Amino acid sequence: KTAYENVDGVIAVSQSMKKGVHDIYQVPFEKIRVIPNGIDVNQYQPRLNPSLLNPYRINPDKPFFIFVGRITRQKGIIHLVNAIKYISPGIQILLCAGAPDTEEIGREMEEKVKEARTQTTNEIIWIRQWVPKPDLITLYSHASLFICPSIYEPFGIVNLEAMACETPVVASAVGGIPEVVVHGETGLLVPFEPINTKSWEPRDPEKFSKDLANAINSLLSSPQKIKIMGAKSRKRVEKHFSWKSIAQQTLEFYKELTIKKRLLYK
């Protein structure tokens with residue numbers, strides 16, 4: 001709190017975080033600059049390698065969507081698992097999910113995945129171990145969609161990683177995600193209504209899961225739309241979220257603060 005009250009400038013990764021910094025610590029808006037996270041667009045780019053799919057038990061002849069993240073409440077993975085029973089047949093579900101926050105949510109995840117497997121004919125592939133980055137980039141590239149069902153997300157850098165690999169995103173419209181994913185262009189945003197301002201949980205969990213599934217199904221039914229969205233996703237990341245762009249914005253902010261400081265002490 002002392003740091004926020006005395007700081008010359010704050011970099012927030014999204015408009016959502018800017019509002020949070022202002023509301024919680026009363027930092028004047030004029031002191032806060034929104035500069036998003038970025039990624040290495042040379043590292044994260046489409047890289048196809050069909051031979052990698054079999055070791056991960058993925059059928060190369062069937063489409064799949066992918067989730068990547070920790071098993072934690074804020075990532076919304078339980079809501080995604082609950083949505084699986086509504087997913088159209090013929091789709092593989094790849095969950096790269098490990099490191100549960102607590103034993104409780106770890107057990108809940110186990111139970112929910114077990115239950116989901118009894119409610120669908122679709123293959124659910126759960127990778128619990130850490131996936132090496134080169135492999136992850138290949139999995140992003142082969143996936144039809146990336147799914148981000150977070151119920152709280154200041155920014156959501158995984159969406160950038162997938163988009164850079166020309167994979168459209170279906171994500172919940174929370175936090176900084178709408179500043180990354182352009183609805184109808186680089187993916188689809190699923191409306192999210194929390195119980196109240198003090199809770200991340202959805203007011204109607206079943207509706208949220210159904211809405212996730214409907215968005216996924218609507219895109220999977222149109223491979224051409226996925227292809228177009230994938231190309232737009234890559235272009236958006238290159239233009240707005242490359243490290244070159246982020247570094248330039250950061251440098252300019254520091255220069256502005258330095259000039260203001262010099263003028264102040266003249």
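Author: Happy to. One term to start with: two strands count as paired if DSSP finds at least two bridges between them. Keep in mind that this is a predicted model. In it, Ala-171 stands opposite Leu-189 in S8.

Reader: How do you know that strand S7 and S8 are paired?

Author: S7 covers residues 169-172, and four bridges join it to S8. The cut-off is at least two, so S7 and S8 count as a pair. The two strands run parallel.

Reader: What makes S3 and strand S6 a pair?

Author: Here the count is two bridges, in the parallel sense, with S6 being residues 145-148. Since at least two are needed, S3 and S6 qualify. Ile-66 is the residue that stands opposite Phe-146 in S6.

Reader: And how many bridges join S3 to strand S4?

Author: Seven, and again the strands run parallel, with S4 spanning residues 92-98. Gly-69, for instance, has Ala-97 in S4 as its bridge partner.

Reader: Which strands make up the sheet, and in what order?

Author: The order is S5-S4-S3-S6-S7-S8, six strands in an open sheet with parallel pairing.

Reader: Why are strand S5 and strand S8 said to stand at the edges?

Author: S5 (124-127) and S8 (187-190) each have a single partner strand, so one side of each has no neighbour in the sheet. On average, neighbouring strands are turned by 20° against each other, ignoring direction.

Reader: What packs on the sheet?

Author: Helix H4, residues 103-118, touches S4 and S5, and its direction makes about 160° with that of S5.

Reader: What makes S3, helix H3 and S4 a right-handed unit?

Author: Look with the strands pointing away from you: a path from the first strand over the helix to the second that runs clockwise is called right-handed. The β-α-β unit of S3, H3 (residues 77-83) and S4 is right-handed, so its path runs clockwise in that view.

Reader: Is strand S3 mostly covered or mostly open?

Author: Mostly covered: six of the seven residues in S3 (64-70) are buried.

Reader: Why does Ala-213 count as buried?

Author: Buried means under 20% relative accessible area. Ala-213 is at 0%, so it counts as buried. Ala-213 sits in helix H7, residues 205-220. Leaving out residues up to four places away in sequence, Ala-213 touches Ala-83, Tyr-86 and Ile-87. Ala-213 and His-79 are 134 residues apart in sequence, yet 10 Å apart in space, C-alpha to C-alpha.

Conventions:
Residues are numbered from 1 along each chain as its sequence is written. This is a predicted model: local features need pLDDT of at least 70, side-chain atom pairs count only at pLDDT 80 or more; totals for chains, interfaces and linings use all residues. Side-chain values use heavy atoms; hydrogens and water are left out. Buried means under 20% relative accessible area, exposed over 50%, partly exposed in between (1.4 Å probe, protein chains only). Axes are lines fitted to C-alpha atoms, for helices over the stretch in contact, and angles run from 0 to 180 degrees between N-to-C directions. Contact means heavy atoms within 4.5 Å.
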